[in-house]
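I opened the notebook to record what I looked up in this structure. The entries follow the order in which I worked.

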Amino acid sequence: SDSAAALIGRRFGRRRFLAKSAEGSAAFLVTALIVVAVAPKIAYIPAEYLIGAAAAVVGTLVEGAGFGVDDNLSIPLSIGTVMWGLYFLFLPGMNVYLLDAVR
């Protein structure tokens, strides 16, 4: 998604969104939501898609803000933190360690 944001933002970016372009940030969000839709899930329940969508929105905001930290670090850390936190809050009984689920 970061690559899509850079490519689209550089080519079509006209409007500002935080520290980057709105067009690039929209490309980030759209591609992140596509990844959420097609990536494997643990139980394929709606809550997992919502958690992924929330993480995509947070990733879009972090990418757009450009905190001065390399976004190759800040984006995965923020998305991972949001996903782990939301799984913990809303699906605490779910085994997110697929090692046991595969057996």
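Predicted model: local features only at pLDDT ≥ 70, side-chain atom pairs only at ≥ 80, totals over all residues.

I looked up where Leu18 sits, and found Leu18 in the loop between strand 1 (16–17) and strand 2 (20–21). Its phi is near 55°, which is a positive value in a residue other than glycine. Is Leu18 buried or exposed? The relative accessibility of Leu18 is 54%. The cut-off for exposed is over 50%, so Leu18 counts as exposed.

I then turned to Tyr44, which is in the loop between helix 2 and helix 3 (46–65). Tyr44 is not a glycine, yet its phi is positive, at about 55°. I read a relative accessibility of 52% for Tyr44, so this residue counts as exposed.

Two packed helices are described by the angle between their axes and the distance between the axes. I looked up both values for helix 1 (residues 2–12) and helix 2 (residues 22–38): the angle is about 150°, and the axes are 7 Å apart. Angles over 145 degrees count as roughly antiparallel, and therefore helix 1 and helix 2 are roughly antiparallel to each other. I noted the crossing of helix 1 past helix 2 as right-handed.

Which residues of helix 1 and helix 2 meet? From helix 1 I listed Asp2, Ala4, Ala5, Ile8, Gly9 and Phe12. They meet Glu23, Gly24, Ala27, Phe28 and Thr31 of helix 2. Sorted by class, this contact of helix 1 with helix 2 has six nonpolar, three polar and two charged residues.

Which residues make up the largest nonpolar core? I found seven residues in all: Ile51, Ala55, Val82, Leu86, Tyr87, Leu91 and Met94. Helix 3 and helix 4 (71–90) each supply at least two residues of this core. The largest share is three residues, and it comes from helix 4.

I checked the contacts of Leu86 as well. Leaving out residues up to four places away in sequence, Leu86 touches Ile51, Ala54 and Leu91.

A second, separate core has six residues. Among them are Ala5, Phe28, Ala32 and Val62.

Notes:
Residues numbered from 1 in each chain as written. Heavy atoms only, no water. Axes fitted to C-alpha atoms, helices over the stretch in contact; angles between N-to-C directions. Helix = DSSP H or I, 4+ residues; strand = E, 2+ residues; numbered from the N terminus. Parallel < 35°, antiparallel > 145°, perpendicular 65-115°, else oblique. Left-handed = near helix turned anticlockwise from the far one by under 90°. Contact = heavy atoms within 4.5 Å. Nonpolar A, V, L, I, M, F, W, Y, C, P; charged D, E, K, R; others polar. Buried < 20%, exposed > 50% of the residue type's maximum accessible area, 1.4 Å probe, protein only. Core = buried A, V, L, I, M, F, W, Y, C linked by side-chain atoms within 4.5 Å.
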